[in-house]
Amino acid sequence: MTQSFLEHVNVTVADADQTAALLVDLFDWHIRWSGPARDGGYSVHVGTEAQYLAVYRPREGQSRDFPKGAPLNHLAIVVDDLDAVEAKVVAQWLTPFNHGDYEPGRRFYFFDDNGIEFEVVSYR
């Protein structure tokens, strides 16, 4: 049997292009696809060849009425150079917090402009 893997996560954001640009900058990802999406919305798929984050913006006037963080706690991204990514986060005027250095790696967290919590971790 083939090993299962996570292909993508889909999150609702205020501005899909802006969020995708942030993710490209922070994690050196690329835009895989963008275009019309469900219910008149717009999506951008940003990530690697194997996995991505789908950032979805509802159509104008459509509600984003589900609570942030419930049940999603955070998205974790593995990076090679934690300090370099943290510098990029700070350069985007975002605030790193909850730094940790415990097995199996070092990590920090930040919230993006949509209120999505990201964990950035390095196992090096």
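# Exercises on a predicted model

Arg106 has a relative accessibility of 33% and therefore counts as partly exposed. The model used throughout these exercises is predicted.

**Exercise 1. Determine which salt bridge Arg106 makes and which elements it links.**

Step 1. The side chain of Arg106 meets that of Asp83 in a salt bridge, with an N to O distance of 2.9 Å. The cut-off for such a pair is 4 Å, and 2.9 Å lies within 4 Å.

Step 2. Arg106 belongs to strand 7 (residues 105–111) and Asp83 to helix 2, so this pair ties together parts that are 23 residues apart in sequence.

Step 3. Asp83 has a relative accessible area of 45% and is therefore partly exposed. Arg106, at 33%, is also classed as partly exposed.

**Exercise 2. Examine Asp28: state its backbone geometry, its exposure and its salt-bridge partner.**

Step 1. Asp28 is located in the loop between helix 1 and strand 2, just after helix 1.

Step 2. The phi angle of Asp28 is near 55 degrees, which is a positive value in a residue other than glycine.

Step 3. The relative accessible area of Asp28 is 62%. The limit for an exposed residue is over 50%, so Asp28 is exposed.

Step 4. The side chain of Asp28 forms a salt bridge with that of Lys88, at 3.3 Å from N to O. Lys88 lies in helix 2 (residues 82–91), whereas Asp28 is in the loop between helix 1 (16–27) and strand 2 (30–37), so the pair ties together parts that are 60 residues apart in sequence.

Step 5. Lys88 has a relative accessibility of 24% and counts as partly exposed.

**Exercise 3. State how many salt bridges the model contains, and describe the one between Asp39 and Arg38.**

Step 1. The count comes to five salt bridges.

Step 2. One of them pairs Asp39 with Arg38, whose closest N and O atoms are 3.2 Å apart.

Step 3. Arg38 is exposed, at a relative accessible area of 66%, while Asp39 is partly exposed at 44% relative accessibility.

**Exercise 4. Check the length of helix 1, then locate its buried residues and its N-terminal cap.**

Step 1. Helix 1 has twelve residues, which at 1.5 Å a residue should span 16 Å. The expected span is 1.5 Å times one less than the number of residues. The end C-alpha atoms of helix 1 are 16 Å apart, which agrees with the expectation.

Step 2. The buried residues of helix 1 are Ala16, Thr19, Ala20, Leu22, Leu23, Leu26 and Phe27. These residues cover an arc of only 155 degrees around the axis, which puts them on the same side of helix 1.

Step 3. An α-helix has 3.6 residues a turn, so residues three or four places apart point the same way.

Step 4. At the N-terminal end, helix 1 is capped by Asp15, a side-chain oxygen of which lies 3.2 Å from the backbone nitrogen of Asp17.

How values were computed: Residues are numbered from 1 along each chain as its sequence is written. This is a predicted model: local features need pLDDT of at least 70, side-chain atom pairs count only at pLDDT 80 or more; totals for chains, interfaces and linings use all residues. Side-chain values use heavy atoms; hydrogens and water are left out. Helices (H or I, at least four residues) and strands (E, at least two) are DSSP runs, numbered from the N terminus. Buried means under 20% relative accessible area, exposed over 50%, partly exposed in between (1.4 Å probe, protein chains only). The arc is that of the directions from the helix axis to the C-beta atoms. A polar contact is a pair of N or O atoms within 3.5 Å; within protein, one must be able to donate a hydrogen and the other to accept it, and residues adjacent in sequence count only if both atoms are side-chain atoms.
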